[in-house]
Amino acid sequence: AVVSTQSTGGCGGVGGAVIAQDDQVGQAAKVLYLSFAFGLGIGAAVHLFSDISGGQLNPAVSFGLFFARQLSLVKALIFTLAQILGGIAGAGILKVTCPTGSFPGVVSLHGDLSMWQGLIYEFMGTLFLVLTVLATTRGARGHAASYTQPLSIGVAIFVIHLVLAPMTGSGINPARALASNIFGKNSIGSDFFVYIVGPLLASLVGGVLYEFFFAPYYRKSTHQKLNGQEMDDI
């Protein structure tokens with residue numbers, strides 16, 4: 001239930017995902033506003049729920065943790081179900097409270113993008129997020145204070161939205177993208193697989209990449225630091 005509740009906050013965070021055809025300054029301001037709102041909001045939600053559920057709002061992150069062998073498959077599936085239900089709840093609240101004909105949060109590809117280009121964008125953005133989460137929440141590294149972890153994740157979200165919002169609407173979360181498009185468009189477009197396949201593929205690649213390439217280095221580095229500290233104590 002906690003995970004479901006926290007997920008509702010992510011559904012409205014992409015209010016500017018489908019950016020109005022405005023002058024370039026106004027368009028850039030909307031992207032910046034969106035990026036700040038989403039980055040700070042997600043960072044705060046992660047901090048708020050980190051001691052309860054790990055602050056997991058995104059199926060791609062949950063499965064990234066699974067592929068990195070930091071979360072069981074059962075828990076990953078439970079989190080994903082809660083995140084989908086939370087996304088539906090958040091989208092439902094927006095549907096009721098937003099003015100008629102207005103629904104912030106619908107994601108779609110920019111008119112000049114092909115589906116495969118959009119898939120690459122969503123894959124790369126989600127991969128950056130998954131690797132950031134895995135790296136900043138790994139206690140073995142020994143140099144990331146707990147209060148900086150949500151900040152790091154929020155900064156990653158901010159940067160990702162700066163890049164992806166004008167291109168794909170910055171989905172990077174299958175649960176939120178699915179719910180917002182169902183309520184906002186009353187349908188799932190032919191290009192929607194971009195927002196499912198891209199992030200989930202990134203969770204697989206990110207989890208495996210971290211576990212077998214990044215983690216061994218961190219373990220080795222931490223071991224060397226501990227040995228050095230022991231020599232200093234002697």
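In which hand does α4 pass α7, right or left? I started my notebook with that one, and α4 passes α7 in a right-handed crossing. For the term, a crossing is right-handed if the near helix is turned clockwise from the far one by less than a right angle, and left-handed if anticlockwise.

**Ground rules.** I am working with a predicted model, in which local features need pLDDT of at least 70, side-chain atom pairs count only at pLDDT 80 or more, and totals for chains, interfaces and linings use all residues. Residues are numbered from 1 along each chain as its sequence is written, and side-chain values use heavy atoms, with hydrogens and water left out.

**Overview.** I counted 8 helices and 0 strands in the chain. Helices (H or I, at least four residues) and strands (E, at least two) are DSSP runs, numbered from the N terminus. Of the 234 residues, 48% are buried; buried means under 20% relative accessible area, exposed over 50%, and partly exposed in between (1.4 Å probe, protein chains only). I also looked at contacts (heavy atoms within 4.5 Å). Among those with a separation of 6 or more, 76% are between residues 24 or more positions apart.

**Back to α4 and α7.** I noted that the axes of α4 (residues 73-97) and α7 (residues 174-185) come within 8 Å and cross at roughly 35 degrees. Axes here are lines fitted to C-alpha atoms, for helices over the stretch in contact, and angles run from 0 to 180 degrees between N-to-C directions. On the α4 side, the contact is made by Q83, I84, G87, I88, A91, G92 and K95. From α7 come A175, A179, S180 and F183.

Next I looked up E122, which is found in helix α5 (residues 115-136). For charge, Lys and Arg count as positive and Asp and Glu as negative; His and the chain ends are not counted.

I then checked polar contacts: pairs of N or O atoms within 3.5 Å, where within protein one must be able to donate a hydrogen and the other to accept it, and residues adjacent in sequence count only if both atoms are side-chain atoms. The side chains of E122 and T168 share one of 2.5 Å. A polar atom of the E122 side chain also lies 2.7 Å from the backbone nitrogen of I172. Beyond four places in sequence, the contacts of E122 include L164, V194, Y195 and P199.

R176 lies in helix α7 and is likewise buried without a salt bridge. I found its side chain reaching the backbone oxygen of S170 at 3.1 Å and that of G171 at 3.2 Å.

**The salt bridge.** How many salt bridges does the structure hold? I found 1, where the side chains of R69 and E211 meet (2.8 Å, N to O). R69 lies in the loop between α3 (59-67) and α4, and E211 in helix α8 (residues 193-233), so the pair ties together parts that are 142 residues apart in sequence. R69 counts as exposed because its relative accessibility is 61%, while E211, at 9%, counts as buried.

**Last stop, T137.** I placed T137 in the loop between α5 and α6 (148-164). T137 is partly exposed, with a relative accessible area of 35%. From T137 to S152 I noted 15 residues in sequence and 9.8 Å in space, C-alpha to C-alpha.

How values were computed:
A salt bridge is a side-chain nitrogen of Lys or Arg within 4 Å of a carboxyl oxygen of Asp or Glu.
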